[in-house]
Amino acid sequence: MNHLLASIREKMKNCHCGHQHKDIPIEVIELDQNVLELVPGYLEAKNYRAITVVCDANTYLAAGKHVNNLLEEAGFNTYVCCVKPNDRGEVAADERSLVQVLLETPEETDAILAVGAGTLHDITRFVCYQRKLPMISVPTAASVDGFTSAGAPLIIRGFKQTIQTVCPIAVFADLDVLLQAQQSMTAAGLGDMLGKFTSLADWKISNLLGNEPYCSHAAEVTKEALEGCVENIEAISRSDLNGIKILMEALITSGIVMVMLGHSKPASGAEHHLSHYWEMEYLRRGKAALLHGAKVGVATIIMSSIYRQMADGKHGLTEMEHWEQVRNIYATLPEQEQLQKWLRSVNGPVTAKELGISDELLTKSLYEAHTLRERYTGLKLLNNNDVSPIEMYYATGVFH
Ligand SMILES: [Zn+2]
Ligand SMILES: [Zn+2]
């Protein structure tokens, strides 16, 4: 799997986009069966002796216990910090979890292992940053592309904000562990990847219309990762070894591209803005959170339908500068039926209704989500020009 790091480095090396790309601060990425067995050797080589394992009750059983046993057998000093759920029974990356891990992590700790999915990684990232400790990632599900990122979306006083922290120095993604993850987690991972259809399209037009920095190499690497998932959709839907490996490799690739660019534009467009809007509304109402990738998958279907409708040109935008290019970018997005089919094949939700998002919230988000970020997207283009995204959404005729 370290060939993946090498090949991304190689592809980005010849880039002449003019923007500076950071080197990847990740030393090792292992993605295979039995890679947890490699953790003690890696830590030994780094001369880390006291290790804190951050997990929750579920991920402790999925991988935390096993990796802790391996470390104990190899003579490491270990401490297991099991993050407690909140009143709704969920483990959240909020003040309570952050303080718990900050307080429990023993003084002499040399490195922290994050054992879990996105939330446990975000908690650990923050604690590693505060305590100036290296972070090692042990994902337990192929559910999100943020394992390798430095940004931690944290819930502070009820609001989600992304805080720049640290990337892991190593990732040990054990396929035997990932295979045991719930199907909904894998479906979320595919949803996060399918989101690259609209995010890549938005990134392109953000360069054309918003003069935002664009890197065709980075776009190409992300696109290849996405295509790998689409070509192997059957293996992913069967959750077989190869399918999960391809999905996880794609998610890790997307994450590494973001690290190299220092921003998330290739991986996050209007579909992520919708998802963030829904998430904030759920937080405000005190409702249990939905999986990130499940929201992104549904939002991708909605945005893709709207963008294809927009490409039909039945509105005043056809007079604008660059319209032909904009049209061509959005006209090639997959049809909603196709996106639905892919997400259905992994039993993921495909409509806002299935996800539990009300018509009212959906409407509000289509008018307001573009204001959450400066980033230029097709959704911003529509709203800034008083073209109603909701009318386009209903004009698709698919969702009634
Ligand atoms: Zn995402
Ligand atoms: Zn570049």
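Modeller: Some ground rules come before the labels. Residues are numbered from 1 along each chain as written, and chains are lettered from A and ligands numbered from 1 in the order in which they are written. In this predicted model local features need pLDDT of at least 70, side-chain atom pairs count only at pLDDT 80 or more, totals for chains, interfaces and linings use all residues, and side-chain values use heavy atoms, with hydrogens and water left out.

Colleague: Which residues are the protein donors of the zinc ion (ligand 2), and what makes an atom a donor?

Modeller: Donors are N, O and S atoms within 2.8 Å of the metal (3.2 Å for Na, K and Ca); water is not among the atoms, so sites may look incomplete. Here Cys-15 (SG), Cys-17 (SG), His-21 (NE2) and Cys-215 (SG) lie 2.0 to 2.3 Å from the zinc ion. They therefore count as donors.

Colleague: Why is the site of the zinc ion (ligand 2) called tetrahedral?

Modeller: Four donors count as tetrahedral if all angles lie between 85 and 135 degrees. The angles among the four donor atoms here are 102 to 118°, so the site is tetrahedral.

Colleague: What spacing do the donors of the zinc ion (ligand 2) follow along the chain?

Modeller: The spacing is C-x1-C-x3-H-x193-C. Cys-15 and Cys-215 are 200 residues apart and link distant parts of the chain. Cys-15 is in the loop between α1 (2–13) and β1 (28–32), and Cys-215 in the loop between α7 (183–210) and α8 (216–231). Helices (H or I, at least four residues) and strands (E, at least two) are DSSP runs, numbered from the N terminus.

Colleague: Are Cys-15 and Cys-215 buried or exposed, and how do you know?

Modeller: Buried means under 20% relative accessible area, exposed over 50%, partly exposed in between (1.4 Å probe, protein chains only). Cys-15 has 14%, so Cys-15 is buried. Cys-215 has 2%, so Cys-215 is buried too.

Colleague: Why are Lys-196 and Asp-145 called a salt bridge?

Modeller: A salt bridge is a side-chain nitrogen of Lys or Arg within 4 Å of a carboxyl oxygen of Asp or Glu. For Lys-196 and Asp-145 the N to O distance is 2.8 Å, so the pair qualifies. By this rule the count comes to 19 salt bridges.

Colleague: Where do Lys-196 and Asp-145 sit?

Modeller: Lys-196 is in helix α7, and Asp-145 is in the loop between β5 (135–139) and β6 (151–156), 51 residues apart. Lys-196 is buried, at 0% relative accessibility. Asp-145 is buried at 8%.

Colleague: How many residues line the second largest pocket, and which lie nearest its centre?

Modeller: The lining has 16 residues, with Phe-197, Leu-200, Ala-201, Lys-204 and Lys-223 nearest the centre. α8 gives the most, seven residues.

Definitions and conventions: Tetrahedral: all angles 85-135°; square planar, octahedral: opposite > 155°, others 65-115°. 1 Å grid on protein atoms, 1.4 Å probe; cavity = no way out; pocket = protein on both sides within 12 Å on 5 of 7 lines; lining within 4 Å.
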